[in-house]
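Biologist: I would like to go through this model with you. Could we begin with the helix packing and then move on to other topics?

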Amino acid sequence: MRSLIDIPDLSTAEIDELIRTAMDIIDNPGKYSEKCRGKKLATLFFEPSTRTRLSFEAAMLELGGSCLGFSLAASSSASKGESVADTAKVISCYADIIAMRHPKEGAPYVASRNATIPVINAGDGGHAHPTQTLTDLLTIYREKGRLNDLTIGFCGDLKYGRTVHSLITALSRYTGIRVVLISPLELMLPSYVRKDIMRKNGVPYVGTESLEDVLPNLDVLYMTRIQGERFESQEEYERLKDSYVLTPEKLKNAKSDMCILHPLPRVNEISIKVDKDPRACYFKQVLNGKYIRMALILKLLEEAEKDPVLHEEDLSHLLENKLVCDNPRCITTVEQELDQLFEVSEAEAGTARCHYCENKMKL
Ligand code: CP
């Protein structure tokens, strides 16, 4: 039985297959309208969401299935102290597949180790958001006709922006990808994404603080919100929150066929005056999210039918209990019975990464 916790769980061939299925769903919706009749999706949202939760639910309904779940941690027994592991075991008794969002990094992974049904990570803290990435890939594919030979600029909060981490991981698989990182110094991309993903895969990248300087070179501009809820200091958030605002004036210097993406919600990093520009693709991106989630639900349910067993993960290559993760957003900080598990980094000697949240620690 398969879950989807992060993009590396999918091969490039599987990502391409999901995009092909989504394209077929767009062209032939009637063919899919009964595919999940009798199946139930549980949406377990411990953190707010509009797009991800509702697109998952719309996806399951359009496949002929049904949905149950909660949209606030406070309305679940997590508020009484129930663990993620127990929640996953309980929901496995009621549903066929889970989509989970949680503020603690690694929580959906813990759920996947305890559920007897597939678990989809619908966003865990600042760590990963793989179905947003599949949405982004489908949008780039539909708008540009390809996923290779592209210069992609990521602008804004590259430190806490989990959609950026997941999309860079996915794009690093394709050829001819060039990445431009546009952020204040305080919100730079974490080193594990730069070193363990881009450098390891030979993806050329440059960093800058100026959007205007690099805009004319971009095929895709991926704007992001400064993630106020992840800052430890409100003062620092106030100082950085308006670092980048995309306006029609700035876009005069961009390519005429550049594609503007944003995972949304936006605050004020894209002026609403940009919405009328044909290059603004962020509302098309929202719709694509439903189609790719339909393709993913179908794939994971088909696989679960063929192989319903929860396979024990081989953890023998991991260091156990030698370190304690110091990321305050890691699931191990609140569920202390979890084993501390670390993977030694191949790219950076003397360091290891937490198996739950990928936080880098010195050995
Ligand atoms: N893009 C995204 O994850 O949106 P929501 O937070 O509304 O789900």
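Modeller: Helix 5 passes helix 11 (residues 282-306) in a right-handed crossing, where right-handed means that the near helix is turned clockwise from the far one by less than a right angle. Helices here are DSSP runs of H or I with at least four residues, numbered from the N terminus. This is a predicted model, in which local features need pLDDT of at least 70, side-chain atom pairs count only at pLDDT 80 or more, and totals for chains, interfaces and linings use all residues. Residues are numbered from 1 along each chain as its sequence is written.

Biologist: At what angle do helix 5 and helix 11 pack?

Modeller: The angle is about 115 degrees, and the axes are 8 Å apart. Axes are lines fitted to C-alpha atoms, for helices over the stretch in contact, and angles run from 0 to 180 degrees between N-to-C directions.

Biologist: Which classes of residue make up the contact of helix 5 with helix 11?

Modeller: That contact divides into 5 nonpolar, 6 polar and 4 charged residues. Ala, Val, Leu, Ile, Met, Phe, Trp, Tyr, Cys and Pro count as nonpolar, Asp, Glu, Lys and Arg as charged, and the others, Gly among them, as polar.

Biologist: And how do helix 1 and helix 5 cross?

Modeller: The axes of helix 1 (residues 12-27) and helix 5 (residues 130-144) come within 10 Å and cross at roughly 65 degrees. Helix 1 is therefore roughly perpendicular to helix 5, a term for angles of 65 to 115 degrees.

Biologist: Which residues meet there?

Modeller: Ile15, Leu18, Ile19 and Ala22 of helix 1 meet Leu134, Leu137, Leu138 and Tyr141 of helix 5. By class, this contact of helix 1 with helix 5 has 8 nonpolar, no polar and no charged residues.

Biologist: Changing topic, what surrounds the ligand?

Modeller: Its surroundings are Ser49, Thr50, Arg51, Thr52, Gly123, Gln132, Pro263, Leu264 and Pro265, each counted as near if its C-beta atom, placed from the backbone, lies within 6 Å.

Biologist: How many residues of domain 1 are in contact with domain 3?

Modeller: 11 residues of domain 1 are in contact with 10 residues of domain 3, contact meaning C-beta atoms, placed from the backbone, within 7 Å. Helix 4 (residues 107-114) gives the most to the domain 1 side, with 3 residues.

Terms used
Helix = DSSP H or I, 4+ residues; strand = E, 2+ residues; numbered from the N terminus. Parallel < 35°, antiparallel > 145°, perpendicular 65-115°, else oblique. Contact = placed C-beta atoms within 7 Å.
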